[in-house]
Amino acid sequence: MQAKFLNRATDLAKDIIKKVVKKDDIVIDATVGNGNDTLFLCDLVGERGKVYGFDIQELAIKRTEERLKKNGLADRALLINDGHENLSKYVNQKVTAIMFNLGYLPRADHKITTKYETTLEAVKQGIDLLATNGIMTIVIYPGHKEGMEEKEKLLEILSNFSQNVVNVLKMEFINQKNNPPLLVAIERK
Ligand SMILES: C[S@@+](CC[C@H](N)C(=O)[O-])C[C@H]1O[C@@H](n2cnc3c(N)ncnc32)[C@H](O)[C@@H]1O
């Protein structure tokens with residue numbers, strides 16, 4: 001049976017983001033994929049807000065673009081077909097939120113997946129771009145090999161980030177089988 005509140009790490013990420021992002025904000029979707037989070041962010045920032053969206057796959061950019069167009073929200077997003085490890089080349093203003101949804105693109109080649117080294121680089125650049133009390137959410141999928149490596153290495157490094165700069169929270173389902181997705185949320189102090 002479905003639980004009412006504690007089902008999916010992606011929903012928990014959205015719950016946190018909703019509390020922080022206001023109309024007119026500038027935010028980042030670091031992994032646009034099929035565009036779920038980009039659409040969600042475009043809705044939150046309103047007509048005068050802006051969403052920077054990144055993905056290494058042209059297919060993901062196309063799917064997201066189409067999805068935004070269908071919903072009349074395409075003009076709120078700047079979609080960039082490049083890796084999030086290059087965030088700071090494209091974004092040079094403070095942002096209130098950054099969403100990462102790691103892993104591979106559903107309905108595409110599962111071999112193309114986020115990787116620990118580039119994810120870590122993007123997370124570091126992202127923390128520098130976050131405004132005070134800005135939030136980063138990272139959904140990690142340890143159910144596949146690269147995802148497990150990404151989880152272990154990211155958590156090890158994030159747990160050593162200075163608490164003077166950020167608060168790092170981990171939300172993990174501890175009674176679910178088969179390595180369920182988990183959420184890491186980072187608030188910039
Ligand atoms: C799980 S999907 C994202 C789902 C998406 N957030 C949504 O709401 O539909 C992960 C995405 O990360 C992308 N990706 C992999 N490496 C990347 C990188 N270095 N920079 C940006 N995106 C990357 C993949 O191409 C894939 O589309």
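## Ground rules

A salt bridge here is a side-chain nitrogen of Lys or Arg within 4 Å of a carboxyl oxygen of Asp or Glu. This is a predicted model, where local features need pLDDT of at least 70 and side-chain atom pairs count only at pLDDT 80 or more, while totals for chains, interfaces and linings use all residues. Residues are numbered from 1 along each chain as its sequence is written, and side-chain values use heavy atoms, leaving out hydrogens and water.

Lys 170 forms a salt bridge with Glu 172, with 3.2 Å between the closest N and O atoms. Glu 172 also meets Lys 151 in a salt bridge, at 2.7 Å from N to O. Helices (H or I, at least four residues) and strands (E, at least two) are DSSP runs, numbered from the N terminus.

Lys 151 is buried, at 15% relative accessibility (buried is under 20% relative accessible area, exposed over 50%, partly exposed in between, with a 1.4 Å probe and protein chains only). Lys 170 is partly exposed at 45%. Through shared partners, salt bridges join Lys 151, Lys 170 and Glu 172 into one network.

## A bridge within a helix

Lys 62 and Glu 58 pair at 3.7 Å, N to O. Both lie in helix α3 (residues 58-70), four residues apart, about one turn of the helix. Lys 62 is partly exposed at 46% relative accessibility.
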